[in-house]
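Biologist: Hello! Could you walk me through this one, a few places at a time?

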Amino acid sequence: MPFNVLYPFFRWGRNRDVELASMGETGRAEFSTTFEEVSVAQWAACDAIVTVADLPEGCRAQLRQCRIVVTPKVGFDNFDLAAWAELGIPLCNVPDYGTQEVADHAMALMLSLMKGITFHTRELKASPREHWRPALNPYGRRLSACTFGIVGLGRIGTAAALRAKAFGMDVVFYDPYLSNGVDLAIGVRRVHALDELFATSDVVSVHAPLSPETERMIDARVLAASKPGLILINTARGPIVDLDALAEALRKGQVQAAGLDVLPEEPADPEHPLIKAWANDEDWVDHRLLITPHSAFFTPESAYDMRFKGGEIALTYLAGGRLQNCVNQHLLDQKAQRIGNSGQRLPGRRAQELADAAALPRDQEN
């Protein structure tokens, strides 16, 4: 009998071929576009859930045999990890679908600014003859003479580091959660303070996940430490950079230019002072800010990967017990320990799975 995989918040319209292909011979997919459309019977009968948004509490309470939840994207900050762990259900993400695309996009933002691509294009449109000024490059530098700083040397940060190294740049990173030796493995340098990274880098590219520790991590204090001429790139999560502080740093000249694919509020708030100044081409920010609509991840190939791998990760666990990319594993372990110490039991199959969690083969890299 196939496993029931429920897609309760499906975002791809009637195009379901990729999800159906991921089911293979062991899964059966059911789809809805809203949580409200899912029946009580469907909640109760599903073995797995694949969703980009967390379930409302009322829906979660109707689950009877769900054994895994997968969010088919990198970020999981919009999920209640503890609530799923209390049910004994692992929550997994898909961290590898857009690695190359996001790293490429970070390079594109940097190059557009440092090589004057968008600057020259717009100036030439205004006056092709008068503005034919090949020697005018406001933020141009020889790349091999520059230091490329990275905040967060995970999958995407590493991919960005390798790309920057290919340009001949000196690469340095800040990541307090990364074990020793990674810098030696890929030939980059490490610093142990964020303000030191900003003080010594010509470009800083953000590749950290959003968490309580990283929200507004790049604030006025950090930006004030910036090396003159710094270019800031953010393709990670918008709230990591304090947008008010960035606006002030641009005004003061502490930051020379910025390329943002992500913002604290999406879509962009047209009334935010920085966004409004950018949209109106105000002199103090004109040509100094590039914004793209959280599009760094998207290519047809990455869209296929995120959609296919969501179902694949669920069925790999259901059919073979291999847990991949579990982001609430630490909470599951704590729950299992409490159950072991108290003799408490969870209903059905979850109790045994939770008790055996520590012994399961799994990929713990988030």
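Biologist: Is Gly 27 buried or exposed?
Modeller: In this predicted model, Gly 27 belongs to strand β2, residues 27-31. Its relative accessibility is 15%. Buried means under 20%, so Gly 27 counts as buried.

Biologist: Which residues is Gly 27 in contact with, leaving aside neighbours within four places in sequence?
Modeller: One stretch to look at is around Asn 4, which is 23 residues from Gly 27 in sequence but 6.1 Å away in space, C-alpha to C-alpha. With the neighbours within four places set aside, the contacts of Gly 27 are Pro 2, Phe 3 and Leu 315.

Biologist: Which strands stand at the edges of the open sheet?
Modeller: The sheet has seven strands with parallel pairing, in the order β8-β7-β6-β9-β10-β11-β12. A strand with a single partner has one side left without a neighbour in the sheet, so the edges are β8 (189-190) and β12.

Biologist: What angle does helix α7 make with β6?
Modeller: Helix α7, residues 155-166, packs on the sheet and touches both β6 (147-151) and β7. Comparing the directions of α7 and β6 gives about 175 degrees.

Key:
Residues numbered from 1 in each chain as written. Predicted model: local features only at pLDDT ≥ 70, side-chain atom pairs only at ≥ 80, totals over all residues. Heavy atoms only, no water. Pairing = 2+ DSSP bridges. Helix = DSSP H or I, 4+ residues; strand = E, 2+ residues; numbered from the N terminus. Contact = heavy atoms within 4.5 Å. Axes fitted to C-alpha atoms, helices over the stretch in contact; angles between N-to-C directions. Buried < 20%, exposed > 50% of the residue type's maximum accessible area, 1.4 Å probe, protein only.
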